[in-house]
Amino acid sequence: MTLLDVPLIDLSGFRDGDEATRRRIADEVGRACRDIGFLVIKGHGVAPEKIKTAYETSLEFFAQDVSAKAAAGRPDPSHIRGYIGLGVESLAQLDNMAAPPDIKELFDVGPSDVPADAYHEAGGAAFAPNVWPETPSAMKPVLTDMFDTMTGTAQLLSQVFAMALDLEPDYFLPKIDKHTSIMRVNYYPSQEEQPLPGQMRVGQHTDYTAFTVLWQEAVDSGGLQVLNKAGEWVDVPVIPDSLVVNIGDSLARWTNDSWVSTMHRVVNPERTVVPTNRRISIVMFFQPNYDAVIECIPTCQGPDRPAKYAPIKNGEYLAAKFAQQQIDEEEIA
């Protein structure tokens, strides 16, 4: 029977269990990736104290006035680092849907301590310097540490995914050892004004990442929802000490669409709780190396199941997707 709700899966046995336990967990993950493209995980290795510190530090940053936040803004549209304010991004445009801007602010962080070598220099914007605010001063060390910690969880997931796809556990590791991921803190302010028709905290979209790892704050209303295969929008449960994982477009492409990149959205809070219902999420959009070739995995094709997509380098794929999500400056002038 197809999963219609997002399952909870404990990964701790994959770290320290026997082969049978690892196989069982990989099979559970594989089923979730095929059926609904989302799962909630425990045993992920991210300490609750680190999440709490990252949350509180981010909340302190977003509580500042606009000019203080803008001082840590993105230097140019191709430099995906630092602060972006309201009205700049519409993720629904990724799926060619006309929609107003998402009701959110955000702060982006990329890899730190990037080596000054030919490989990383050729990566260009994928390894651009991070942008940090003056206040809070803890923003740089806290979010840098969180980025590195989430990287470890993503590497663990890559091994789980490999086993679920009947590959060697280290299959993905050479393709992610110089990954081009972005960690994003989303801030959804309380909505004193009525949203525009069709406007949401985040419009419906699929992620163009390989996969996404997300911590979400529990709120009274206005959270993350997934469109299941029955055509129903279902809430992604908020479970203490858990993270949410979802499959993105590039990993779906890698698996010949045997795994699904599922439409999801962040809905607006009920008007009765609007004055107090601000929300934060911390998201790792995990991406392979910029020169990793996204091509059909051997176990996902055969004589009666040919590869559906031509190979493409990850850097080229990302550049096209990122350009598609930006709101034209004339539209918000």
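Reader: How much space lies in the second largest pocket?
Author: In this predicted model, the second largest pocket holds about 350 Å³ of space.

Reader: Which residues lie nearest its centre?
Author: The second largest pocket has 14 lining residues, and Leu86, Ile103, Glu193, Pro195 and Gln199 lie nearest its centre. By class, its lining has 6 nonpolar, 5 polar and 3 charged residues.

Reader: Now the cavities. How many of 30 Å³ or more are there?
Author: There are 4 cavities of 30 Å³ or more. The largest cavity has a volume of about 190 Å³. It is lined by 19 residues, with Asn186, Tyr188, His205, His264 and Val283 closest to its centre.

Reader: Which strand gives the largest share of that lining?
Author: Strand S12 does, with 4 residues. Strands S5, S6, S7 and S11 are among those that each supply at least two.

Reader: And what lines the second largest cavity?
Author: The lining of the second largest cavity includes Phe161, Phe172, Leu251 and Trp254. Helices H6 (139-164) and H8 each give two or more residues to this lining. By class, the lining divides into 9 nonpolar, 1 polar and no charged residues.

Reader: On to aspartate 249. Where is it found?
Author: Aspartate 249 is found in helix H8, which covers residues 249-254.

Reader: Why does aspartate 249 count as buried?
Author: Aspartate 249 counts as buried because its relative accessibility is 15%, and buried means under 20%.

Reader: Which side chain does it join in a polar contact?
Author: The side chain of aspartate 249 makes a polar contact of 2.9 Å with that of threonine 206. Aspartate 249 also touches other residues, including Tyr208, Ser261 and Lys321.

How values were computed: Residues numbered from 1 in each chain as written. Predicted model: local features only at pLDDT ≥ 70, side-chain atom pairs only at ≥ 80, totals over all residues. Heavy atoms only, no water. Buried < 20%, exposed > 50% of the residue type's maximum accessible area, 1.4 Å probe, protein only. Polar contact = N/O pair within 3.5 Å; in protein donor to acceptor, adjacent residues only side chain to side chain. Contact = heavy atoms within 4.5 Å. 1 Å grid on protein atoms, 1.4 Å probe; cavity = no way out; pocket = protein on both sides within 12 Å on 5 of 7 lines; lining within 4 Å. Points joined across faces, edges and corners; volume = space filled by probe spheres on them. Nonpolar A, V, L, I, M, F, W, Y, C, P; charged D, E, K, R; others polar. Lists of a residue's contacts leave out its neighbours within four places in sequence.
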